[in-house]
Each structure stands twice: as C-alpha cells, then as structure tokens.
Amino acid sequence: MEGADAFVQEYINSNIGKIEDVEMHVEKMNREIMQLDRTISEKVERHILSQSEYDQKLKHIKEKMKIINSQMELVGKKTEESEHILVKLCKDIKKLDIGKKNVTETIIVMKRIVMVITAMSGLKKKALKREYSECIPLVSVIKEMLIHISDLRTNEKLKTLYEDANTLFDDLKHQIREDIDLVFDPDVHIEKNLIIVNEVNHSEGDNMSINLLDACNCLYHLDQKLVSNVVKKFSNFFLEKYIIIFENQANNLEGIDRRMAWLKRALNTYEHVYAHIFPPTYNMPYHVVCKFCSLTKKHIVKIMSSSIDQMNPVSLIQTVIKVINFENYLSKSVTFCSKKGPTSHDVYSSLEFPFPELIMQGEHRKDQMDSTKCGVGDPSINAEHDDTPSHAPQNFKGVISCAFDSYLCSWLKYEEKKILQKFENIINEENKEDPLVAGRHSECVLPSSEKDPLHDANKMLKKKENNQHVDPEMGEEKHTVYKSAYKMFYLYKSYVNMILQFSDCQTLYDFVTFFKTLLFKYSEELNRRIIKEVKEEKKNEHFKLLSLIINTSYYVEQTMNEALENLIKVIDPIYKDKICFKQEEQEFLQIKTKCIKGIILFVEKKINSIISSKEIANLFDPNDVQEKTPYVTTMDLFLREYFSFFKKIFNETYLIYLLEKTTALIIQQFYHTIFSFQFMTNVTAQQLLLDCHAIEKGLFQTAALLSTTRGEQPPHGAAAEAHTCAAASASALADDECIIPQTYFNYVKNQMRKIQFLIKIFISNIYDMDSFNMLLSESNNICTIEEIEKILSLKEDATGAKGPPREPSQNKNYVHDIKERGMKAAEEVKFFFNRITSM
C-alpha cells in the first residue's frame, strides 16, 4: 500500500499542476478504461468462438482416426495371410533347391565313380603292359576322385570300391618294386633306363621293355614312404664295395685319400649309369653320400680309438684338413631336391576320360585334401598330397671331421709347444732390441726363418698368402704398441680360424684356455718392463717406455674384448658361459695402473718442487707485487713442455686422465703451501690472488693445448726462452677463448674460487657476524668454518709479528678477537671487493 500511495503521489505531482486539470485527467482515464473493456470483451468473445471451432475439428479428426484404424486392421489381416503364403513358397523353393543340389551332387559323385572305375580299368591294363608313364596320371585321377567322395565310404559299394583301389595300388607297388629290384641283379642288362624282359603270356620273340625312370616316378606318386625304402636299399647296394674294401683296412688314416677318391669315382659312375634310372626327387646321390659319411665316421672313430697314442700330430691335422676340403667339395657338388613338381595337364589331356572337367575342378580344391578325410586305412591314397620330403637338406661341413674333435688333444699339445716357443722367441728378440724401437708402429714383417706357423696348413686349405704382414692393425694403430702384442694376436686369430673349420667344441675351447695362459705370461713380461721410478735425467725415455706399456695393455684389452665377442658367435653354446677374459683384463688393468702411478709420482715431485714455501715467500713491500711470479711462469713452462710430449705418446683417454690428475695435484699443493705459512701479510695475500688467476689461466691453456694439431715438437735452448715469453703473453687470453671440457672447466673454477674466497676473507675486515654470514651465503658455502678459522689464524699483529697461538676453545670467538684488535669498519669490505674485481 505504501508503494501504491507513493506512485499516486508521484503521478499527481508530475501531471496535475492545477486543480482544474483534475477533471480533464479523470475523463481521460475513464476513456482509457472503456477502451480496455471493449478490447477485453472482443478477445473473450473471439476466444469462445475459436474454442467451439476447435471442438468441431477435433470431433472430425476422431472420426477419421476410427476409419484409419479400421483400415489398418484390414491391412494387418491381409499381411498375415500374405506372410503365410510367402513362408509356404520359401519352403517349397528351399526343398526344390536342396533337391537340385542333391541331384547335382549325386550326378557329380556318379561321374567321379565312373571316372574312378574307368581309371582303375585303364590302370590295370597299363600296369600289365608296364606302361608306367601313363600309369602316373591314372593314379593321380583315382586318388583325386576318391578323396572327393571319401565322406560316402559308409556305403557298402563305395567301400568295396575303395578296397579295390587299395588292392590295385598295393599290387602296382609290389610290381614296381620287383621291377626296380632288377637294378640290383647283375645278370640283367640295362640300357640307360630300359630293361628288356620276356613275359610268359607273350609269344616267342615278343619282348616287353620296362622304363625304370617311369617306374620310379610312378612309385613316388603312389607312396613316398616306399621311396625311402628304395633309397636305403640302393645306398646299401651302392656302398657294398666300399665296405668290403675299407672296413678291413680301418687301422690307419693313410687311406683317407683313397676313400675320398673312391666316392668321387662312385658318384661319377652313378651319373653315367644310375642317374637315368632314379629321378631327382629321390635325391639318391645325397643319401648315398650321407651313408658314406656315416660309415667313414665310424671307421675313423675306430682308427683313432685304437692308435691315438702312436698318431703323429702333423699327419693328424693334415688328415683333418683333407677331410674338411672333401666336405666342402661335397657341399658344393651334391644337391638336394626338396619338392616334387605337379602333374602336367598335358598328361591328362592325352587320356580318354568321360568327364575331363572334373579333373580341372579338382586342381582348384587341393587345399581341401585333409588326411582326416581319407582315414587311417588309406595311407597310399593320402601319400600323393604329402609334398614334405622325408629328409631335410643339410650341409656336409663337419659331418666327418667332427669325429676328430675328441682326439685332437695330442695335436693341440704339439701346437701349444710350438706357439709357446714362438712366443718366447718373439719376447727374446724384442728384449734384445731397444724397447722404444720395438714399439715403433712400422710394418712388422716376419723374417724368412720365422714364417707363418700355419703356412703349410693354409696352403692345404688353398689360401693364398700374398704377403706375410703380421696384422693390418699395425699400420692403423695411432699410438705405439709393442710388436709382440700384434704377433701374439695374429697367432691367436690364425689358429682360431683354422680350428673353426673342423671344430667349434672342445678343441676350440682348449685352445682358448691355452691362450689365456699365454696372456698371463705376456702380462708378467710387461710387469717386468715397468720402470719403478722415473729418473730426471732419463725422463723422456722412461715416459716413452711407460706409454708403450700402457698403449700395449690398452690394445690387448680391446683385442681381447673383440676376440670374446667373435668367439661367442661361433663356439658351441655349451662353452659360451665358460669363456671369460675378466681375470686377464684385471692383470693388464693393474699394469696400466702401475705405469700411470709412476708418471704421477714424478709429476707430483716436480709440482712440489715448483710450488713450495721456498718459492712463495712473504712480501712486505707493495712494490714487490708482480703480475706473474716466477714460480707460476715455471709451472706454465712445465705444463706446456710435458703435456706437449705426453700428447705424442698417449691416447686421448690417458692424456685426459693425466691432465686431470696433474691439475688436482697443482691445486692441492698450492692450497697446502698457503696454509703452511706461520703468518701471512696482506701484501702476500694480494700477490696470491694474482697467482690464483695466473694459475687458473695456465691450467685452461694447457687443456686447450691438447686439442691443437698433433706433432708439435717441444722447444729447446733459445727456442725455450721464446716459448716462455709466448706463454706469458698467451696467458692474457680470456677463458672463453680456450676449448676445454666442461667438467674440467667447472672443477678448476670451483677449486680456485674457493682459494680466492679464503684469501679475500683474510684481506677483508669483517666487523660483525652478520656480515660474515652474508658473505658465506652469497658464496654458496664454498668453504668450511674450520678453513676460515685457519686462514684468519695467519694474520699478523699490529707490530708485524705473529700473535701468540690461541687455545682451541678461543678459536670459536675469533670475531670478538678481531674487534679487540681495533680493525676498521665493515664498509672496507665492499671497497676491497670492488678493488679486487677491477684488477
């Protein structure tokens, strides 16, 4: 109500200015109310009329829906009637289709039965006439048709047909085997693959020829299992003479050449006499050779078992090499036919069959010929479709020579003595020479009196020896290595390559075991050559000798690892886990460690003599401060001279190690020398800061020197002085101009920053503990409190003399001590650091 009153008041105040205007506004409002009443009446009337119209339309719609529903019911009934009619029609069509299919299948089955009967009749006639070439397609057709109707064998007549077919096949197999057995009859005359025989039912003078090649092919199509029986029988027949000749002579290995020659002649005889009889699918030469290898292996085992003690090692290995060459010859000359070819369609076209289209259809359905459909009782019918050969092809390498593996101990011991003698001769000759000359990496040619120990064996293996270089690696090695190392591994590779041709088992493992003892002897020899202490007067010779031993040990380690990787690939898996060179690697690692330790000891002595309290003395006059002190110049010259020399004799790995170790020694010696002072002046501390910067520059320049061109000679005499001047001028180069490893750069920077920080703490005047803690936090706690206490303990008193030593408990109150000695305010710290930065 309050809101409505407020609205009325606002309306009167805004629209009625005078009392006379009230009547006019009232009339106006009455007219508007009347207009609104008329409008509302019209709309209500219109709504009532439309509502009645909608009711009439809804009534019409409901009547039409009833008509539609009645029509839909009629359509549904007619649809159900049509569905019943369609179902009946489909059933009738399906019955007709099944009937047609059954009739068609019956017709096809009848045709196949006719084909089988026709083929069986023709096969009987052809078999009686020994026309085996025409029997092959008939056999294929019979098998093909019987496989297609194999599901109907429950029928008695079809079962009888199957039995008749198997009986016919069995008779044919028996007849063919009898014909093939004529090959073994010495009284039968064979012209290539034809045999002329007289039959009882033939008239006199009427002869019949048998084609043995066609007979063998027909037997192959009948049953491949019978082929293996024929192959075994022929192999035994073919090798009867070999057994008679050589079985009683199995008492020595001298007849091995005669055995090989006999087989070569026998294979030649087979090519001229029997190759026309047996088809390639029989693989007769392959099986004959396998049988020959088996017999020969048994004879060799018998010979070796009875006369191994009297066996000459040289003749034994010569025999092994001959056998290996013979095996390689057999692998190349004897082939293996893995599968038979399909039957040609031209063969079928020459035969008169009533329904030839069934044969073409059968060619497209061979993938459906499953042995389960043929049954267990019909192996002859199923054999046609088994294309897998009974024997897998194999390489003849090692078939005979593997018999020698267990009996090569005497030869290996004989060769071990030769290798050991050869090794001792190499070491003795090397010791007679200058040890530095013995390590030159020129080509090492074997003298005429010491030819390749495997020269005769390699000659038998028909290997051409164009030159007698010990190893191609000798010309490729970047750093000097003892020639004895190359010769030792040359012997190893030569023997391993030869042994692998006849054994990858016990003999190879025994030789590797012997070679490990040879490596141990070589490590002892290198240990004997190590210089215990490098002398100043012979430092260059001693460095070269130690580098020669290090590089040789490195070469031996690398070659051992390569040899192990290659050996694991070729040796028998039984011995893979037994082969290991870890102990030998450890021996040569110790040799390298001893050599490097000797070099480091010499370098440490030189560094200790250059950076010492004798060379670094207290300075009292600020005018004595130098940009570069003499001992720093001497250190730079020492580093350049020695590492220029080391760069020529060491590989990169050991060169970097020596640089890092030398750098650590220089920084440690400089650090310890600073703390060796009884007291230190501020002038001395300022000089040490300059020396820190100079030493850091020198270390970076030495690292950059190692990346320069190889082959620069170290300066001598007057050139050394010029070199020193050049080094001094080069020290002004910026750090970023030196190409050095990042880890080395970080190490030098961190260590030198620590020393510089301690010296700055010494020079600065820390007034309170807060300032001291701030400096430590800004420097990432680069040093310890003990080191700071130690450097501050070197301060002199006001008179310039070292103060009395403090008790350990007083060291903790060093800040209070500094305050009591009247030091200046902490503002000098900032001024001092600015001055140091600007130097």
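These are my notebook entries on a few features I looked up in this predicted model.

**Ground rules.** I number residues from 1 along each chain as its sequence is written, and side-chain values use heavy atoms, without hydrogens or water. Because the model is predicted, local features need pLDDT of at least 70 and side-chain atom pairs count only at pLDDT 80 or more, while totals for chains, interfaces and linings use all residues.

**Nonpolar patch.** I found a nonpolar surface patch of about 470 Å², made by Phe7, Val8, Tyr11, Ile12 and Met29. Nonpolar side chains (Val, Leu, Ile, Met, Phe, Trp, Tyr) are joined within 5 Å, and like charges within 9 Å. Areas come from the Shrake-Rupley method with a 1.4 Å probe, and for residues only the protein chains shown count as cover. Which helix gives the most to the patch? Helix α1 (residues 2-15) does, with four residues. Helices here are DSSP runs (H or I, at least four residues), numbered from the N terminus. Met29 lies in helix α2 (residues 21-128).

**Cysteines.** I looked for disulfides (cysteine sulfur atoms within 2.5 Å), and the whole structure has zero. Cys216 is buried at 0% relative accessible area, while Cys90 is partly exposed at 43%. Buried means under 20%, exposed over 50%, and partly exposed in between (1.4 Å probe, protein chains only).

**Glu557.** I located Glu557 in helix α19 (residues 539-570). Glu557 counts as buried because its relative accessibility is 11%. Leaving out residues up to four places away in sequence, Glu557 touches Glu585, Phe588, Leu589 and Lys592 (contact means heavy atoms within 4.5 Å).

Terms used: Patch = residues over 30% accessible without salt bridge, like charges linked within 9 Å, V, L, I, M, F, W, Y side chains within 5 Å. Salt bridge = Lys/Arg side-chain N within 4 Å of Asp/Glu carboxyl O. Helix = DSSP H or I, 4+ residues; strand = E, 2+ residues; numbered from the N terminus.
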